[in-house]
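Trainee: I've got a new protein to look at today. Please walk me through it.

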Amino acid sequence: MKNPFHNLKTRLIPEDNESPFLDHLEAFRQMLFQCLITIAVVTLFCIPFAKPILGWLQAPLMETARVRGSDFELITTSPVEGFVQVVKVIFATGILLSLPLLIVFIARFVLPGLKPKERKILFLGGFFGAFLFAGGVTLCYTISLPVAVNIMFYFNEYLGTVANWKIEKYLGFVMHLLIGFGLAFELPLILILLGRMGFVSTQQLRSHRRHVFIGILVLAMLLTPPDIITQLQMAIPLYLLYECCIGVLRLLECGDKKRGNEK
């Protein structure tokens, strides 16, 4: 039986085994320098857009408050809190926008000696990874976040309390939800890569549907607020993407068998 770890091992170990340790250290230094420069440049680029980004993050809250007829404003409780939140949002935006390039730099260091076909796969994986992340963030922002904010307002009204939320808590809540959805939607790409590397097969994925569904529900509980509606809004699309992964891997496996028979 073919060892599925063999290809991964050959990629993690450089082809030139006699290369001095200092050469690898220099390559690591260059990779780290490229990552830091990329983050710094992109973060600086984001500074002029800090106010629009903050307005974009607050828009679902303000729209919900307007619909409910609530005269609501976010508050700060310390002189530097506003400045700190602006810096956090700019830095987080810079990291997220830099992520595709960071993955490429790290992959080039960790996986040396990639063939042209493998580089193409890496590029396509990065592209589809960014697309899936953006899809998860979009779903969260347009559907799940407004629903979650509405539910939070409802419970404040139910308790008869006045909602005076700190901007730190609200922005932390929104960023946690957006990033959680974005990362969760990377699941299909991870499964397809594992399938192409031989770690999983479509038969295994089909036989573990029930376990995966439960795992997705648990993941949704960890990454979303404690309300069943928001959790289902994450869990249902994730499970549909899981089924799509099975179909894509099945097509790829049939293509591999067909090419093997032709040879």
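Trainee: First up, is R66 buried or exposed?

Mentor: R66 counts as exposed, at 55% relative accessibility. Exposed means over 50% relative accessible area, buried means under 20%, and partly exposed is in between (1.4 Å probe, protein chains only). Before we go on, this is a predicted model: local features need pLDDT of at least 70, side-chain atom pairs count only at pLDDT 80 or more, and totals for chains, interfaces and linings use all residues. Residues are numbered from 1 along each chain as its sequence is written, and side-chain values use heavy atoms, with hydrogens and water left out.

Trainee: Got it. Which residue forms a salt bridge with R66?

Mentor: That's E63, and the closest N and O atoms are 2.6 Å apart. A salt bridge here is a side-chain nitrogen of Lys or Arg within 4 Å of a carboxyl oxygen of Asp or Glu. E63 counts as partly exposed, at 39% relative accessibility.

Trainee: And how far apart are E63 and R66 in helix α3?

Mentor: They are three residues apart in α3, so about one helical turn separates them. An α-helix has 3.6 residues a turn, so residues three or four places apart point the same way. The helices are DSSP runs (H or I, at least four residues; strands are E, at least two), numbered from the N terminus.

Trainee: How many salt bridges does the structure hold?

Mentor: Four. One of them joins the side chains of R29 and E26, at 2.7 Å from N to O. Both sit in helix α2 (residues 21–46), again three residues apart. R29 is partly exposed at 46% relative accessibility, and E26 is partly exposed at 33%.

Trainee: What about the side chains of E243 and R209?

Mentor: They meet in a salt bridge too, at 2.8 Å from N to O. This pair links distant parts of the chain, with E243 in helix α10 and R209 in helix α9, 34 residues apart. E243 is partly exposed at 24% relative accessibility, and R209 is partly exposed at 29%.

Trainee: Let's zoom out. How many helices and strands are there?

Mentor: Ten helices and zero strands. Of the 263 residues, 33% count as buried.

Trainee: Which residues touch the most other members of the largest nonpolar core?

Mentor: L57, L61, F72, F153 and W165, out of 35 residues in that core. Helices α3 (50–67), α4 (81–110), α5 (116–159), α6, α9 and α10 each supply at least two residues of it. A nonpolar core is a set of buried Ala, Val, Leu, Ile, Met, Phe, Trp, Tyr and Cys residues joined through side-chain atoms within 4.5 Å. There's also a second, separate core of six residues, including L191, L205, Y242 and C245.

Trainee: What does L61 touch?

Mentor: Leaving out residues up to four places away in sequence, L61 touches F72, L74, V149, F153, W165 and Y170. Contact means heavy atoms within 4.5 Å.

Trainee: Last one: which residues form the nonpolar patch on the surface?

Mentor: F213, L217, I228, I229, L232, I236 and L240, with about 620 Å² of accessible area together. Helices α9 (209–223) and α10 (228–262) are the elements that give two or more residues to the patch, and α10 has the largest share with five. Patches are made of residues with over 30% relative accessible area and no salt bridge: like charges are joined within 9 Å, nonpolar side chains (Val, Leu, Ile, Met, Phe, Trp, Tyr) within 5 Å. The areas come from the Shrake-Rupley method with a 1.4 Å probe, and for residues only the protein chains shown count as cover. F213, for instance, is partly exposed at 36%.
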